[in-house]
Amino acid sequence: MNDGKKLLLSVKNLKKHFPIHGGVFYRHMGNVHAVDGISFDVHQGETLGLVGESGCGKSTLGKALLHLHPPTGGTVEFEGVDIDTVSVKRLREMRKEMQMIFQDSMESLNPRMSVGSILEEPFIIHKGEHEFDTAEMRKTEILRILEEVGLHESAFDKYPHEFSGGQRQRIGIARAIALKPKLVVCDEPVSALDVSVQSQVLNLMVRLQKEMNLTYIFIAHNLSVVKYIADRICVMYLGRVVEAAESQALYEKPMHPYTQALISAIPEPDPAQQKEKQVLEGDVPSPIKPPPGCHFHPRCPHAREKCKEDAPELRSIDGNEGHQVSCHFAEELFAKAAKPESR
Amino acid sequence: MAILTVKNLVTTFQTDRGSVRALDGVDFTLEKGRTLGLVGESGCGKSVTSLSIMRLLPKPSGNSPEGEIIYDDGSDRFDILKEPTENLLKIRGRKIAMIFQDPLTSLNPVYTVGYQLMETLKVHFSKMSSQAMFTRAVELLTDVGIPAPEQRIHEYPHQLSGGMRQRVMIAIALACEPDILIADEPTTALDVTIQAQILDLMRNLQKKNDMAILFITHDLGVVAEMCDDVCVMYAGKVAEHAPVEEIFNHPQHPYTKGLLCSIPKLDTEQKSKLFEIEGMVPDLFSMPEGCRFQNRCPYAAEKCTQPQSPAQVKDGHEVSCIRHGEIGRNEE
């Protein structure tokens with residue numbers, strides 16, 4: 001399905017561990033396994049959704065992709081270049097092509113800078129790499145971008161606190177797209193917004209993607225939003241991908257027990273359509289000492305002996321390259337779920 | 001039977017820029033054993049309503065609310081707003097209990113879970129022996145599904161996970177078997193799988209104790225799942241009040257319609273244009289005359305500047321939109 005589309009980002013066995021220090025001599029006491037061996041490819045113009053519960057490593061993964069967190073292991077290739085091996089100067093140039101939108105627009109915009117100077121900063125940092133050399137040219141361009149994201153010209157001289165949450169998120173988006181990047185990592189861009197404003201921002205993001213042929217990595221915990229915007233989805237659990245598929249396929253036939261539980265737990269805004277819930281027991285275990293074998297086995301209703309010892313690989317199912325699951329018994333469970341009457 | 005009737009509730013705050021009416025004539029009734037959902041976007045007055053009912057607003061910035069809040073459980077009937085402060089201590093926790101959004105900030109970090117549970121029992125049942133209190137506390141923790149309650153009871157809030165803390169909050173709220181539970185965004189800070197656990201728990205406990213729940217949330221999915229009746233609030237006023245099926249199937253107020261259309265659902269077509277409610281909530285200092293939604297409303301007309309009063313559409317379905325009749329007809 002991606003024939004003809006260019007491979008933009010290729011992630012192989014990416015790991016990010018954070019050391020924990022403590023005790024009198026500030027000893028190394030262990031690691032937080034935030035991202036624990038993740039691989040995927042993203043093609044140009046595509047949206048990849050990353051979903052999972054808090055602490056599953058989605059934000060860390062997003063930052064590791066942009067080398068904001070240098071990875072502990074594995075590689076991230078952007079347009080065929082391994083970003084871990086390039087020089088600092090070259091990395092800075094590459095950052096022009098990869099930008100980020102953050103969840104909390106109040107904290108990610110400098111309160112002492114006017115919107116005009118916030119948006120001018122990327123042009124100054126990447127001086128010489130674009131055609132906007134003079135201050136006037138930059139101002140014209142910034143005004144054009146402001147209009148593009150649905151803000152009034154007068155925003156130029158205002159400060160972030162003068163805007164509402166939705167408008168601030170638009171400023172964050174404007175900053176991210178200012179240099180016409182190829183890849184934008186969006187870390188929970190609409191989670192902090194009210195529903196009526198959320199739809200405005202989502203519409204804006206979809207429109208910009210079409211106009212500028214942007215590639216999004218869309219990180220969120222709201223599965224309905226992710227399904228709406230993403231072409232492909234990776235479901236994460238404790239630093240690993242448990243299932244990856246086209247978004248339609250993922251919601252229609254989730255294969256992994258965790259994905260099934262996650263989808264069944266979404267409250268559907270329709271009282272007539274209340275489905276039978278699959279309520280998972282217990283909490284997400286600590287990423288400091290993840291359980292051995294399959295990370296999900298302590299909460300999995302179908303866990304067996306093998307799950308406690310062997311960590312399952314992410315593998316394709318039914319010969320379908322697009323749908324990958326990491327569960328030893330995926331076929332068996334799926335066959336059972338599909339034909340409940342035969343049991 | 002209506003256990004709580006709120007009539008024309010007005011809450012004003014004094015600020016540096018003058019006084020602000022955060023609630024401007026809120027009316028609703030909460031029925032015994034049922035769940036009423038209070039829905040709306042941030043700043044619409046959902047939480048102020050709950051704090052006004054509990055009389056928990058800070059003084060002097062929050063003037064005492066005006067209007068009536070009648071509590072009536074059949075044997076006892078009084079207006080909460082007219083009760084003297086010392087009586088309030090007997091109402092809070094015993095008759096009306098509350099759980100908050102963030103359990104970590106509402107639990108005291110320096111006391112054990114058990115201490116905080118027994119504190120409530122001490123206030124309301126002074127004759128209970130400490131042995132009986134401990135037994136009751138363990139029983140409550142078991143009820144809310146905390147594993148190994150005899151050990152957990154000696155732990156501090158930071159030792160528990162988010163879902164566990166919310167369970168403890170619920171246990172504290174239910175300690176004295178209140179008739180009304182006010183839940184202010186109880187699952188907003190939790191993950192979906194944990195949210196499903198907590199909603200499940202609340203439903204079971206409601207059945208068991210026959211409580212009325214006032215459920216405050218901004219998530220329409222949770223409303224569809226939990227509530228029997230819904231009150232949609234906008235800028236300090238009730239826009240629409242109806243049974244849950246009515247709200248989702250036959251919304252009358254343009255704001256309710258807009259809200260329902262703007263959420264992406266699982267069957268929404270991918271990357272199709274979502275419905276937008278134009279603009280944003282007006283500043284409380286410069287509210288328009290008449291209907292407060294008029295500057296964002298696609299159906300706004302001249303008469304929307306007139307004072308609005310709730311109109312009955314059907315039995316139990318009230319909408320405060322002066323044009324609701326015309327709008328409905330246009331669409332059919």
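A surface patch here is built from residues with over 30% relative accessible area and no salt bridge, joining nonpolar side chains (Val, Leu, Ile, Met, Phe, Trp, Tyr) within 5 Å and like charges within 9 Å. A salt bridge is a side-chain nitrogen of Lys or Arg within 4 Å of a carboxyl oxygen of Asp or Glu, and the areas are Shrake-Rupley values with a 1.4 Å probe, where for residues only the protein chains shown count as cover. This is a predicted model, with local features needing pLDDT of at least 70 and side-chain atom pairs pLDDT 80 or more, while totals for chains, interfaces and linings use all residues. Residues are numbered from 1 along each chain as its sequence is written, chains are lettered from A and ligands numbered from 1 in written order, and side-chain values use heavy atoms, without hydrogens or water.

With that settled, B:V110, B:Y111 and B:Y115 make a nonpolar patch of about 280 Å². B:Y115 sits in helix α4 (residues 113–124) of chain B. Its relative accessible area is 34%, so B:Y115 is partly exposed; the label covers what falls between buried (under 20%) and exposed (over 50%).

Now for the sheet. Helices (H or I, at least four residues) and strands (E, at least two) are DSSP runs numbered from the N terminus, and two strands pair if DSSP finds at least two bridges between them. In chain B, eight strands make an open sheet with mixed pairing, ordered β6-β7-β8-β3-β9-β10-β12-β11. The edges belong to β6 (96–99) and β11 (311–314) of chain B; each has a single partner strand, so one side of each lacks a neighbour in the sheet. On average, neighbouring strands are turned by 20° against each other, direction ignored. Angles run from 0 to 180 degrees between N-to-C directions, using axes fitted to C-alpha atoms (for helices, over the stretch in contact).

Zoom in on β9 (residues 229–234) and β10 (residues 237–243) of chain B: they run antiparallel, joined by six bridges. B:C231 has B:H241 in β10(B) as its bridge partner. Helix α8 (residues 192–209) of chain B packs on this sheet, touching β3 (35–39), β6, β7 and β8 (212–217) of chain B, where contact means heavy atoms within 4.5 Å. The direction of α8 makes about 160° with that of β8(B).

Most residues other than glycine have a negative phi. B:R55, in the loop between α1 (46–54) and β4 (66–72) of chain B, has a positive phi near 55°. B:K271 also has a positive phi, of about 55°, and lies in the loop between α11 (254–262) and β11 of chain B. B:R55 is partly exposed at 21% relative accessibility, whereas B:K271 is buried at 16%.

Terms used
Buried < 20%, exposed > 50% of the residue type's maximum accessible area, 1.4 Å probe, protein only.
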